[in-house]
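Hi everyone, thanks for coming.

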Amino acid sequence: MIRASLWQRFAASRSGLIGLAILVLVLILAASAPVFFPGDPFAIVDKPFLPPFGTHLLGTDSLGRDMAAGIAHGAGTSLMIGLVATLAALFIGTLIGAFAGFYGGLVDNLLMRLTELFQTIPSFIFAIVLVAILSPSLSSTIIAIAVVSWPPIARLVRGEFLSLRRREFVEAAIVLGMGDLQMIFRQILPNCLSAIIVTGSLLVATAILVESALAFLGLGDPNIMSWGFMIGAGRTYLRTAWWLCAIPGIAILLTVLAINLVGEGLNDALNPRLRTL
Amino acid sequence: MIAKAWSRMAAAALAALMLALAPAAEAQKRGGTLVMITQPEPPTMAAYLSTSGPIGQVTAKVFDGLLEYGFDLKPIPSLAESWSISPDGKTITFKLRQGVKFHDGQPFTSADVKFTIMEVLKKYHPRGINTYRDLKDIETPDASTAVFKLARPAPYLMMALSGYESPMLPQHIYGKGDIQHSDYANKPIGTGPFKFVEWKRGEYVRLDRNPDYWKKGLPYLDRIVARFIADSATRTAVMEKGEAQIAGFGALPYNDVNRLAKLPTLAMTTKGYEMVSPIVELDFNTRKPPFDNEKVRQAVSYAIDRKFIIDNIWFGFGKPATGPISSNFAPTGLYTADVTNYNVPDGVERANKLLDEAGYPKKADGIRFEIVHDLTPYGEEWQRFGEYVQQALSKIGIKASLRYEDVATWLKRIYTDYDFQLTSNFLYNLADPVIGVHREYHSNSIKKGTVFVNGTGWSSPRTDELMNLATVEPDPKKRAEEYHEFQKLVVAAAPIVWTHELTFPTVYSKRLKDIITTPLGIYGNFDHAYYEK
């Protein structure tokens, strides 16, 4: 019953539905990549610089690699990195925010100073430094994105905890003799989940952008096809072969837009109070 | 009688006419400011201490050398008017030009030559340490004679005396105090056609015409400004708008070069790098399997399509390489193309056959073995190169994964830890094989921790011997024979895949004449350059 009403509330926003539709398409594309484009997306299949809608649907790039294969395989990379990095950031951010907000005092002070320390470093530059130190690979990209993305989550969760822990149900739990951890994870956390989900969904979009930017700068995993890599490799030919940058650029734009729309739809559905404001 | 008188008069009249016209022609060439794009900004102006790329582009205009060089790589007189080499090759006597003055008005003498080479270049110049290793002393019987005394003949030494490689310094300026911290390190004083005026960090270096230059009437230009622009798109735009008149050595992105070269105002040349001669290569670690096996290395050599790399990755700026010595040495006779040719149409079949023979059969999944291929961390082309190599190797059943690290980590991996299997690389041949080639193949260049030496670990007694002989061989013909045999042996053993000789485009204004006149190109002194009026 509750689930139905959540879906109904989400479905009420048209933009959210459009976003979801695009996202599902991207998911299907990613899932079908090994079927439609088996083998290595880096494989040189034809002459370089063949324009789109010829022998190859989206043309070939500067080395003669199939752009369509790159887009399909890149979709999986983008979504996977976006999701995993976001989950990691959510995990770190939620833990730190929860403890800081629940215990307050010295713990709060220490954890928040740590969070601020991370927040003062420009996040993208920090991500570049991390990837450069760890040497570019899939895991170092995920680690870098997670490390620069958790502070806002921590602050958000801390704020929620600060306000929730003074509520009656928490006081009731204290009276019942519930342990700290139980209180944090069973009582308070479920009550701030909606805020975390909304922020997390938007974080996926940011993570995809950061991954693309890193790959664009040549700091992606050299063995994994990604949209950012395709743009980076094609940018020198912007004047002569526009599709090398334009096609993956559009892919990133649509995906990030879709995730943002879904995020907003979720926000409307999960935080109905906002709409009445 | 009368006819004779007439002809004499006519000759006199002609001579007078020529005398009258000559200064006019000179005057027509005189004047103008040349803006040169130098990339990146030099770290210092101390060309006698550092060989960092961009320094020489500026300082070669300020400092002269004892010699200059023609496109045939033969020496031409400069500060040295003439020279003679003793039959045993151990004594070289230079007659110095008289009346040459440094920019501060002091005369240039043999004492300055001795100071520069013995006290500065032999001790501190990164390449000079090697070039002048066998130079025991320089005798100065008088102010205009310098006699080089060598422990062993050093034919390559005659190739290292340009104003770029061995700039002649005034002893009365640089001889005071510690040469490594000279007050004049960034205010160079030489005998060259242009005087250093100022260096505005982050913006430009200004050089003005030296009116007392020893080449009468030269230089033609009034001023040279070397501009430093960090952003490559801006550099292209500045050239396109005509705000700068020359840019070379990778200052402009390759794809922009092809576009700029089509503009009616600009011209492009790939000449002027004959004394640099960079070769792009793939280096094997020959210490461990699978590349300790000659056949495996040959197979990889066969699998690489040189033309594809040049056309699709380096925008056509290159020429297939045949071996360790660049074809730029053809005029000297040292180069030979008569070596194993790996650049053949049926390379993939040959490679597969060699790998089968070497004992690496294809397994059920079509893969023979897996390797890690390290990319040269120098930018985009190198990444594309690595991606291409990965694909080329997959065709012969070698599965390569790519590794991309920062420069310091990469250098340590290749030249200190030897923890690699296959890496891309590029090295300069420079002015002579002794200076630029031996370091990659001689067993005494397997030096842990020294970069850009023998990282493959490959050497053989015979090639070592040939290099030792060629180092001291004064007879050019015998020396050429030694190098021909060396090339054959090295190419057959294939410790390296020589993919191509890199050519650098220099883009310049069509109004500029006589700008690239030596094999040093933009490392030349521009004394003959002028604007067509």
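Before we start, one working definition: a residue is called buried when its relative accessible area is under 20%. And please keep in mind that this is a predicted model.

Let's begin with the rings. Searching the whole structure turns up 36 aromatic pairs over all chains. One of them joins B:Phe249 and B:Tyr523, edge-to-face, with 5.4 Å centre to centre and 85° between the planes. That pair links distant parts of the chain, 274 residues apart. B:Phe249 is in the loop between β11 and α7 of chain B, and B:Tyr523 is in the loop between β20 and β21 of chain B.

B:Tyr302 is buried at 11% relative accessible area, and B:Tyr342 counts as buried at 4%.

Some rings gather in a group, and this one involves both chains: A:Phe49, A:Tyr237, B:Tyr254, B:Phe315 and B:Phe317 make up one aromatic cluster.

We also have lysines over rings. B:Lys61 lies over the face of B:Phe526, 4.0 Å from the ring centre. The charged end of B:Lys271 sits over the ring of B:Phe71, at 4.3 Å from its centre.

Now, on to the interface. How many residues of chain B are in contact with chain A? There are 21, and they touch 21 residues of chain A. About 1,800 Å² is buried between the two chains, and carbon and sulfur atoms give 51% of that area.

For those of you who like charges, two salt bridges are found across this interface. One that I can show you pairs A:Arg65 with B:Glu387, where the closest N and O atoms are 2.6 Å apart. Five residue pairs are in polar contact across the interface.

Which elements give two or more residues to the chain B side? They are α7, α9, α11 and β16 of chain B. The largest share comes from α11(B), with seven residues.

How values were computed
Residues are numbered from 1 along each chain as its sequence is written. Chains are lettered from A and ligands numbered from 1 in the order in which they are written. This is a predicted model: local features need pLDDT of at least 70, side-chain atom pairs count only at pLDDT 80 or more; totals for chains, interfaces and linings use all residues. Side-chain values use heavy atoms; hydrogens and water are left out. Rings of Phe, Tyr and Trp (its six-membered ring) pair if their centres lie within 6.5 Å; planes under 30 degrees apart count as stacked, over 60 as edge-to-face and the rest as tilted. Helices (H or I, at least four residues) and strands (E, at least two) are DSSP runs, numbered from the N terminus. Buried means under 20% relative accessible area, exposed over 50%, partly exposed in between (1.4 Å probe, protein chains only). A charge sits over a ring if NZ of Lys or CZ of Arg is within 6 Å of the ring centre and within 35 degrees of the ring normal. Contact means heavy atoms within 4.5 Å. Buried area is the accessible area (1.4 Å probe) that two parts lose on being put together, summed over both. A salt bridge is a side-chain nitrogen of Lys or Arg within 4 Å of a carboxyl oxygen of Asp or Glu. A polar contact is a pair of N or O atoms within 3.5 Å; within protein, one must be able to donate a hydrogen and the other to accept it, and residues adjacent in sequence count only if both atoms are side-chain atoms.
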